[in-house]
Amino acid sequence: MVSRIVLNTISYHGKGAIEKIPEELQTRGYKKAFVCSDPDLLKFGVTQKVTDLLDKAGFPYSVYSEIKPNPTIENVQHGVEAFKVSGADCIVTIGGGSSMDVAKAVAMLATNPGRYEDYAGVNKVPHRCAPLVLMPTTSGTGSEVSMFSIMMVNGAKAGVCDQNITAHIALVDPELTLT
């Protein structure tokens with residue numbers, strides 16, 4: 001039996017991995033980041049570990065933090081609108097599975113017309129998602145390297161599974177999981 005494994009383009013693992021974020025964004029020619037994180041990570045200063053690096057590098061960004069546990073379609077729709085208004089050309093996400101799933105859905109809908117529900121299922125996303133960087137703050141979901149995004153749709157979980165929504169870069173840094 002032959003297995004096919006699709007992961008993101010580049011992964012950094014280890015203490016200090018997040019320090020690669022400014023260099024990776026600048027090298028790829030991105031101009032502004034849409035930073036996705038949940039309200040608790042902002043409150044406890046975890047997101048700031050990344051935004052401080054962007055500030056130090058003079059890299060512009062806007063923060064989107066209206067991400068809820070078990071995110072809904074409305075959460076995604078609001079995120080897509082916020083991404084468009086921000087003028088960003090890449091998405092940088094700090095968080096657990098919910099933050100990463102919302103970011104993947106926003107990145108997908110930034111380059112593919114329609115609604116999240118249109119792509120629910122396997123291999124239905126025709127175009128590669130907007131540039132996406134994922135930094136997990138939890139251990140276990142593996143969302144930073146998977147091709148899944150899960151949302152609540154009409155009270156039930158629905159998923160998109162497609163290589164076109166995998167992250168372009170994953171930065172797995174234990175410093176983000178300490179709190």
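**Ground rules.** The model is predicted, so I noted that local features need pLDDT of at least 70, that side-chain atom pairs count only at pLDDT 80 or more, and that totals for chains, interfaces and linings use all residues. Residues are numbered from 1 along each chain as its sequence is written, and side-chain values use heavy atoms, with hydrogens and water left out.

I looked up the strand order first. Helices (H or I, at least four residues) and strands (E, at least two) are DSSP runs, numbered from the N terminus. Two strands pair if DSSP finds at least two bridges between them. I found an open sheet of six strands in the order 1-9-6-4-2-3, with parallel pairing. Strand 1 and strand 3 are the edge strands, each pairing on one side only. From one strand to the next, the twist averages 15°.

I then went through the bridges of strand 9. Strand 1 (residues 10–13) runs parallel to strand 9 (residues 169–172), and four bridges join them. In that pairing, Ser11 stands opposite Ala170. Strand 6 (residues 132–136) also pairs with strand 9 in the parallel sense, over two bridges. Val133 has Ile169 of strand 9 as its bridge partner, and Leu134 has Ala170.

I found an open sheet of three strands in the order 5-8-7, with mixed pairing. Strand 5 (121–122) and strand 7 (148–153) stand at the edges with a single partner strand each, so one side of each has no neighbour in the sheet. Strand 5 pairs with strand 8 (residues 156–161) in the parallel sense, over two bridges. Gly121 has Val160 in strand 8 as its bridge partner.

For axes I used lines fitted to C-alpha atoms, for helices over the stretch in contact, with angles from 0 to 180 degrees between N-to-C directions. The axes of helix 4 (residues 73–86) and helix 5 (residues 97–111) come within 9 Å and cross at roughly 60°. That makes helix 4 oblique to helix 5 (angles under 35 degrees count as roughly parallel, over 145 as roughly antiparallel, 65 to 115 as roughly perpendicular and the rest as oblique).

I listed the residues in contact, meaning heavy atoms within 4.5 Å. Asn75, Val76, Gly79, Val80 and Phe83 of helix 4 meet Val102, Ala105, Val106, Leu109 and Ala110 of helix 5. By class, this contact has eight nonpolar, two polar and no charged residues (Ala, Val, Leu, Ile, Met, Phe, Trp, Tyr, Cys and Pro count as nonpolar, Asp, Glu, Lys and Arg as charged, and the others, Gly among them, as polar).

I also checked the helices against the strands. Helix 4 lies across strand 2, strand 3 and strand 4 (90–95), running at about 165° to strand 3. Helix 5 lies across strand 7 and strand 8, at about 95° to strand 7.

My search of the whole structure gave two aromatic pairs (rings of Phe, Tyr and Trp, its six-membered ring, pair with centres within 6.5 Å; planes under 30 degrees apart are stacked, over 60 edge-to-face and the rest tilted). One of them is Phe34 with Tyr64: the centres are 5.6 Å apart and the planes at 20°, so the pair is stacked. Phe34 lies in strand 2 (residues 33–36) and Tyr64 in strand 3 (residues 61–64), so the pair ties together parts that are 30 residues apart in sequence.

Ala82 lies in helix 4. Leaving aside neighbours within four places in sequence, Ala82 is in contact with Phe34 and Tyr64. Ala82 and Met100 are 18 residues apart in sequence and 16 Å apart in space, C-alpha to C-alpha.

I placed Ala120 in the loop between helix 5 and strand 5. Not counting residues up to four places away in sequence, Ala120 touches Gly159 and Val160.
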